[in-house]
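Please keep the sequence and the model in view while reading.

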Amino acid sequence: MSPDERVVRRDAVGELGAALRDLVDAAVRTEVPLEELGAATAAARELAARLRAETRGLHDIAGVDDPETGERWYSPVYGPGNPIAPPLVPTDSADGRATGRVTLGKPHEGPPGLVHGGVVATLLDHVLARAVRAAGRGGLTATLTVTYRRPVQLGIPLVLAAETGEVDGRRTTARARLTPEDDPGTTLAEAEGLFVALRPERAADVFAPTGRDVAAWTSRT
């Protein structure tokens with residue numbers, strides 16, 4: 001699709017994603033009677049059938065994505081079109097830094113009232129990888145070490161901040177922190193990651209099922 005068509009479709013995908021995230025939130029919080037649950041189930045199945053009228057294959061890359069930069073419109077971490085993605089708003093800069101702002105609700109709950117630890121790790125992994133890409137380095141996560149300092153409460157605005165560390169050939173390290181937006185001096189969790197860029201020939205093999213040239217995770221010069 002053309003750049004203009006991609007912009008229009010991205011807007012539509014984002015609108016559907018937002019509506020479905022609202023539906024997911026309602027689904028995990030509802031206490032409606034059984035009859036209403038049954039009616040909602042039927043409506044959800046009807047909607048799923050409508051969306052499946054035209055689908056892409058499991059390894060196909062969506063037209064709204066940009067595999068050269070790593071932007072994934074259906075990412076399970078921040079994708080505007082993915083209803084299970086936390087509503088993370090990421091940013092990055094050319095100096096190898098990245099941030100993310102998010103408020104997490106019931107769909108990402110672990111212990112009662114708290115964010116699931118796996119969700120915290122996923123968010124940290126994403127901002128680490130984003131910082132590495134912002135520095136002009138490709139790479140997949142090789143190791144991720146997360147230290148949980150304090151419980152992360154649902155419903156509070158959070159900030160994630162990451163910066164690129166040492167570079168050694170295809171290997172790049174990065175560090176990140178998770179803090180409350182209104183208390184940046186308090187660390188809720190922190191992480192260190194090692195990212196290894198794939199050699200072009202290895203990337204071609206790994207991503208062969210997509211049928212596309214995927215550059216964001218390969219070695220950079």
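Helix α3 covers residues 117-134, and at 1.5 Å a residue its 18 residues should span 26 Å; the C-alpha atoms at its ends are 26 Å apart, so the two values agree. The model under discussion is predicted.

**Helix α3**

- Helix α3 is mostly covered, with 14 of its 18 residues buried.
- The helix lies across β1, β2, β3, β4, β5 and β6, and its direction makes an angle of about 50° with that of β6.
- Just after α3, G136 adopts a positive phi of about 85°.

**The sheet as a whole**

- An open sheet is built from six strands in the order β1-β2-β4-β5-β6-β3, with antiparallel pairing.
- The edge positions are held by β1 (89-93) and β3 (140-148); each has a single partner strand, so one side of each is left without a neighbour in the sheet.
- On average, neighbouring strands of this sheet are turned by 15° against each other, direction ignored.

**Strand pairs, in sheet order**

- β1 and β2 run antiparallel and are joined by five bridges; in this pair, P90 stands opposite G100 of β2.
- The hairpin of β1 and β2 has three residues between the strands, and G96 takes a positive phi near 80° there.
- β2 and β4 also run antiparallel, joined by six bridges; V102 has L158 of β4 as its bridge partner.
- Strand β4 (residues 158-168) pairs with strand β5 (residues 171-180) in the antiparallel sense over nine bridges, and D168 has R171 of β5 as its bridge partner.
- Two residues lie between β4 and β5 in their hairpin, where G169 in the turn has a positive phi of about 65°.
- Eight bridges connect β5 with β6, the two strands running antiparallel; T172 stands opposite F195 in β6.

- Strand β2 has a covered face made up of A98, G100 and V102, whereas R97, T99 and R101 form its uncovered face.

**Nonpolar cores**

- In soluble globular proteins, nonpolar side chains tend to be buried together.
- The largest nonpolar core has 28 residues, of which L123, L124, L160 and L178 touch the most other members.
- Two or more residues of this core come from each of β2, α3, β4, β5 and β6, and α3 gives the most, with nine residues.
- Leaving aside residues up to four places away in sequence, L123 touches V77, P86, L88, V102, L104 and L160.
- Another core, of seven residues, lies apart from the largest one; among its members are F207, V214, A216 and W217.

**Helix α1**

- Helix α1 (residues 3-29) has 27 residues and reaches 39 Å from its first C-alpha to its last, close to the 39 Å expected at 1.5 Å a residue.
- The buried residues of α1 are V13, G14, G17 and L20.
- Helix α2 (34-51) is included in what covers these buried residues of α1.

- P76 is located in the loop between α2 and β1.
- Is P76 buried, exposed or partly exposed? Its relative accessible area is 48%, which means that P76 counts as partly exposed, since that class lies between the limits of 20% and 50%.
- P76 touches N82, I84, A85 and P86, not counting residues up to four places away in sequence.
- The C-alpha atoms of P76 and P87 are separated by 9.9 Å, the two residues being eleven residues apart along the chain.

Note on methods
Residues numbered from 1 in each chain as written. Predicted model: local features only at pLDDT ≥ 70, side-chain atom pairs only at ≥ 80, totals over all residues. Heavy atoms only, no water. Helix = DSSP H or I, 4+ residues; strand = E, 2+ residues; numbered from the N terminus. Expected span 1.5 Å × (residues − 1). Buried < 20%, exposed > 50% of the residue type's maximum accessible area, 1.4 Å probe, protein only. Pairing = 2+ DSSP bridges. Axes fitted to C-alpha atoms, helices over the stretch in contact; angles between N-to-C directions. Contact = heavy atoms within 4.5 Å. Core = buried A, V, L, I, M, F, W, Y, C linked by side-chain atoms within 4.5 Å.
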